[in-house]
Every structure is written in C-alpha cells, then in structure tokens.
Amino acid sequence: MASAAIFSSLRRSRSPSLDAFLAPVHLENDVVGLLKTLSTVASDIINSFSDKTPSFQKRNTRSLLRKVDLFVVLLDSVRNSGESGSNLPSTVVLCFKELYLLLYRSKILLDYCTYSSKLWLLLQNPSISGHFHDLNQEISTLLDVLPMHEFNCLINNDVREQIDLLQKQSVRDKLFIDPHDEMLRLKFFRLLNEIGDRKIPSFEEFHEFFVTELGVFDSRACRVEIEFLEEQIVNHESDLEPCASVLGGFIAMIRYCRFLLFGFEEDEVEIAMGKRVKRGKKRGLISKEIADTFITIPKDFCCPISLDLMMDPVIISTGQTFDRGSISRWIEEGHSTCPKTGQALVHKKLVPNRALRNLIVQWCMAHKIPYTPPENVGLGSESFPAAPASRAAVEANKATVRLLIQQLENGSDCGKAIAAREIRFLAKTGRENRGFIAESGVIPHLKILLSSQSPTAQENAVTAILNLSIYDKNKTRIMEEDGCLRSIVSVLKSGHTIESKENAAATLFSLSAVHDYKKQIADEEGALSTLACLLRDGTPRGKKDAVTALFNLSTHTANCEKMIEYGVVKALIEALENETVAEEAAGALALIVRQPIGAEAVGNEEKAVIGLIGMMRCGTPRGKENAVAALLELCRRGGADTTERVLKAPALAGLIQSLLFTGTKRARRKAASLARVFQRCHYDSLHYNGLRLGLGYGFAGNSTTTGNLDSGFPAETVSVSMSMSVSVS
C-alpha cells in the first residue's frame, strides 16, 4: 500500500518526487527494454487488481483497469510485430515514457484504494474521485499526442479501433463521484454530529451503518480502522482533511461502536492466546531476516547502532537518526553522548522521524518485506499527537467509558483487564478525558484490579490510575478512595511485572505533587523503603521513577526522619554515582540536609561528601547547583566534624572557583556562600592556580551583599528538571 503522503502528492504535482516513479532513464537507448518494462508493469496492474474489489471507488477502479488493459494489448501488439524497437520514432518513445509514469501512478492509486481503511476511503471519497479523474485526463492527453499513424505496420485494425474508442471515451469522461458512496460519507458525518449533540445513535443505527453497509464485522476490523485513522494523523499532522480534531471524533465513535457492537469476547480470546500471537509475530521477523539475506537494505534505513532495518526511527538532539529501541538502551545505560558523532546530548528527547519511517514502509512494501513496527509506535504513545478534542469525540468517549465501567463491574477477568487497558489509553491525553473518566466512578474498580492475580489486569489498572492522576482534581479522588494508596504501594512492593512497579512509583510521584499528601504517602507502610530499593536495584526507568518520587517527598520537612529510618538517605547517596538519577538525588539530599537530623545522617555517610564533590565536578549545571547547595547546608547544620570533612575534600577550592564563574545564578550564590564558610573557618589564604578565591565577590563579613548570599536557601531553590510522561505505554 502506498503511503498517504505520496498519494496526496499526486494531486499537488504532476511529477512524482520519488525516484521509483520517474521514467526509466537507464532504458533511454533500449526501446525494446522499455517496451518490455511497460508491458510488465501494465500486466502486473491487471493481475494484481482485476480480481480485487475495493470497498469504494468500484466504478472508477473498473474504468481505470479497462484503460490499462487496452494499453497491455497495444504494447503486446507492438512487441509481437516483429519490427525492431529501434525503428520506433522518437515521438512514440517519448509517449511511452510518459505512459510509464501514468502506469506507476495508476498502480499507486489502485493499491491505495484496495488496501486503505474503509472509513478513510469513505472520508476521502470526493478527493480520491478527483485523483481518478486527473489520471483519466492525463491518459486522454497522452492518447491525443500519441502518433497512431506511426503504428500502421505494428498493430492490426482491431487494436487501432479499440485505442480510438478509448480516446473518445476519455475525452467524454467526467468527474464521477459514486452517489451511494457519497451518501454513506454524509451519513458518517451525520452520526458524528448526533453524538456531538449528545444524541447517541442506537445500537440498530450503528449496526446498520458499520456491519450492513460498510462490512465491518468484528472487533478486529474496528481496531484496523482506528489504527489506520490514527496513522493518518501521525503522518499528515496539520496537512489533513478532515482536520485532526474531527478525525479524532471519528476514532472515538469507532472505538465506542467496537465495544457496543462486538463486546469484549474477541479481545478476551486474543489475551488467552497471547503466546500464539507472539509466535506469529516471530515468524514474521524470521521472514524479514530471510528477505534481508538476499536484499541489500539502503544504508540510510539502517540504525547506526544495531545496523538493522529501523522499525521506529527517531531523531536525537544532535540531528542523527537511530532506531528507538537501540538509542533508548544506549541512553538508559548512562551514555550522554551521540553514539555516531560523539557530541554531548543537549537533551534526551526522541523525536519521531516520520518522513524516514514512511520511506522505509514504502521500501518494505516494494520488496515484499514484512514491516512490523513496535506495538506502541505512533498509535499508543508519544508519536500520536494530541489534537484538540472535538465535542463529538468527548461525548463518544464518555459513552465508551460507560460501557467499560459496566465491564469492570460485571465482566469476566479477561474482560476487566481489557476495560482497564482501554481506560488507560483514553486517559493518556487531555485533561477533559481524565476529568470525566474519574467522575464516572472508575477509580474504585481500578483499585480492585490492583490486587488482581492477572499481571495484565494489574499493569493496566495501575497505569490507568497513573494517567488519571495527572489531572490535579483526580489526585484528591485517588487519595480519598479508601485503600487506594495502600493498594498502589502494594503494587510497588510486589507487583507482577517490572512495569507495574515502575508505574506505581510514578503514580506516587504524581500524587506527591500535592503538599498535603506527601506526609500521607511517606507514612504508608512500605512506601519509602520500597522506593529506596527501587532506586538501588531497579531498571534505569525504575530508578528515575523512584528518585523523582523521593525528591517530591523530601520537600516535606516532616518526612525527614522516616526517610533516614527507611534507608532513603543511603539510597540517595549511592545514586549520586548514577548519571541518570544523580541530579535528582543531589536535589533531594540538598533538601534533607536543611534539617539538623538530616545533615547529621548525611554527614555520617562516608560516600556523601565524595559523591557531592563528584557531582560538582562532572554533573549537569543543575546537578552542580544542587551539590554545592547540599555541601553548604552540611557545613551550616552538620556540626564541626562534618564541616571539616567538607572543607578538606580534595579539589573543592578549584570546583568552587569554577562555579563562581561558570555556574548557574543559584550555583554562584551557593558557591560564594560556601567560600565564606572557608573564611570563617580560618581558610583565609585559599588559592587555586595562583588566584585568590573569591576575588571581586565581596566576601567581607560585614558586606551587605554577602549578608544576602548567606541567607538560608528555600526549598524552591533546589533545581531539578522533572517531567512525567503520561504515555507510559
């Protein structure tokens, strides 16, 4: 199937941009080869599409195939005439090259109509009809300039008469938009408008439209339609008709009809047969590997890390493209440079390279290589743009949520897992979605699933709660639900899967954004100790989830004693050695040491000062800021022994000097204050490379400036860059 992007370009420009659709320049002087190529392409079109009936555009498709069939007859007659191809006039050769382009564009269009989603074809009905009309006009123009008198000795009268008739018909052909197809398209919009007006059509109306008229017979077919429409939003972005918000309304309607018309049974069967589905996917990958043995993959389509064909190409901050899985593992292993150029990564955001992905899809289809993107690419996570939700989309989603809650109340165990999965996906984007889902009363049902023996149900439930918790009002609903916090912590401690534990930690981070809940979370039995364990022994993502949650909890002064008691402080100090979480760990420690009991606990750990000094040397700008702030507070509140240990640390003077000139604004303030601590402790003659430390910074004890710098630093001055994605997969 040709991509929608290429298909749309046919209307905008007469000459396709891809090399695959340019005239065969290599056959410039080989007319015989050109004729053979044309005959092969035309015959392939007839053989591929004559026995396939598209869902829509039936008449236009049949008309185009008849024209191509006549070209096959013409080409075969010329090839079988016995005349040498070199005798053909240049005007005929030029027309045949133009025919080559028309045949390939016809193949794209027929391919698109045959394999596209039914509902997408329906929505694009007038536009696609226009594409057929454009091709017909170009065929008519080609026939007008084709010098038929040059074929006198090459074709018989019967073929000549058929070509003449084709030319006359092409001139008379008008734009044809099938009235039945157009009626269905308008009905589709009418159903959407009714939903937007809060008049949900009946089961019978939806059944007649989707099953009887469109031939969407099962849940799997609905999923295919949804995924295809979502793919159009990803590929087209702003260049989309209808616009993304309207298309989102259609997607929401189909999702509602999927469960209304077909229930949950098919999904339950698929979950029960999960192993068989995975084996099937493996066979597809094996087929790809066999194909790769005989076909050379274009270099630009291969990941520079794995050297394999990229399934999900993404762009990093240096502008290089990698497969998402490979570069994600590279970053999770603690690397902060581009594996191809060695440049430092300014940020670790991965931007989907949709243009390259489209080209890879086209290449795979052209070589009949199975293309199996990761399950969450484009359709489930960060690559799916959040278009503004239309009123119809909101109403359709509300109706879907009502069906899902019924399933959570009365469905089978598999059915409940599926309902939780759909809640999880619906809650991914949009504050309005999260709001009405929680208002519908779904949280008590999700809480029950947190203790499910099914790993799938538990993971979907905890992730759904995480996604709902992003909306501030839902934090209160979750925390006030009796036993919900306890259940989340239970998943954190003994969840069936790593993903469940990680998402439970992320949920605690989200809930702890409300100050009043920080102590309540810390007081929950097992919360702090399990977060500390996850920070020490978890996956890279688990460590990140744990440290962000602990940072939030450390901002409440009442939690300090418990964080010491349950090993959080030790885990944070150990985390200073991990580049992925060191910045947040230093930030949490900077908050903890503001209290004497916290400063004492951190000061008693031998690795603490060494770790913070290391952060000052090699950390991020914010990490250095947090490290110097923690060291300053250790000197102020940790007692004489701790202060002496800090001030005697190797290279500290040079690091302070460096921060005074290169650090962030807050880092410079903290470094200046720490330098004054040196002076107060009789380190007046500190030098570094011959420069007197603090020169020009006014460290005199009676300076107004230093008085301001020496003021205690509030919690908000601890700078940690933290953002939580709701697309947790």
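Biologist: Which way does α3 pass α7, left-handed or right-handed?

Modeller: α3 passes α7 in a left-handed crossing, where the near helix is turned anticlockwise from the far one by less than a right angle (clockwise would be right-handed). Helices here are DSSP runs of H or I with at least four residues, strands are runs of E with at least two, and both are numbered from the N terminus. Bear in mind that this is a predicted model, so local features need pLDDT of at least 70 and side-chain atom pairs pLDDT 80 or more, while totals for chains, interfaces and linings use all residues. Residues are numbered from 1 along each chain as its sequence is written, and side-chain values use heavy atoms, without hydrogens and water.

Biologist: At what angle do α3 and α7 pack?

Modeller: About 150°, with the axes of α3 (residues 58-79) and α7 (residues 157-172) 10 Å apart. Axes are lines fitted to C-alpha atoms, for helices over the stretch in contact, and angles between N-to-C directions run from 0 to 180 degrees.

Biologist: And which residues meet there?

Modeller: K67, L70, V73, L74 and S77 of α3 meet V159, Q162, I163, L166 and S170 of α7; contact means heavy atoms within 4.5 Å. That contact divides into six nonpolar, three polar and one charged. Nonpolar covers Ala, Val, Leu, Ile, Met, Phe, Trp, Tyr, Cys and Pro; Asp, Glu, Lys and Arg are charged, and the others, Gly among them, are polar.

Biologist: What about α16 and α18, how do they cross?

Modeller: Their axes come within 10 Å and cross at roughly 30°, and the crossing is right-handed. V394, N397, K398 and V401 of α16 make the contact with E432, N433, F436 and I437 of α18. Those residues divide into four nonpolar, two polar and two charged.

Biologist: Changing topic: what's the strand order in the open sheet?

Modeller: β2-β1-β3, three strands with antiparallel pairing. Two strands pair if DSSP finds at least two bridges between them. β2 (321-323) and β3 (351-352) are at the edges with a single partner strand each, so one side of each has no neighbour in the sheet.

Biologist: Which residue is the bridge partner of I315 in β3?

Modeller: V351. Two bridges join β1 (residues 313-315) to β3.

Biologist: Which helix lies across those strands?

Modeller: α14 (residues 324-332) lies across β1, β2 and β3, at about 95° to β2.

Biologist: How many residues of α28 are buried?

Modeller: Six of its eight: V568, V569, A571, L572, I573 and A575. Buried means under 20% relative accessible area, exposed over 50%, and partly exposed in between, using a 1.4 Å probe and protein chains only. What covers them includes α25, α29 and α31.

Biologist: How many residues are in the largest nonpolar core?

Modeller: It has 187, and L572 is among those with the most contacts inside it. A nonpolar core is a set of buried Ala, Val, Leu, Ile, Met, Phe, Trp, Tyr and Cys residues joined through side-chain atoms within 4.5 Å. Another core, of 19 residues, lies apart from it and includes C303 and L350.

Biologist: Last one: is Q57 buried or exposed?

Modeller: Buried, at 4% relative accessibility. Q57 lies in the loop between α2 and α3, and its phi is near 60°, a positive value in a residue other than glycine. R198, in the loop between α8 and α9, also isn't a glycine and has a positive phi of about 65°. R198 counts as exposed, at 63%.
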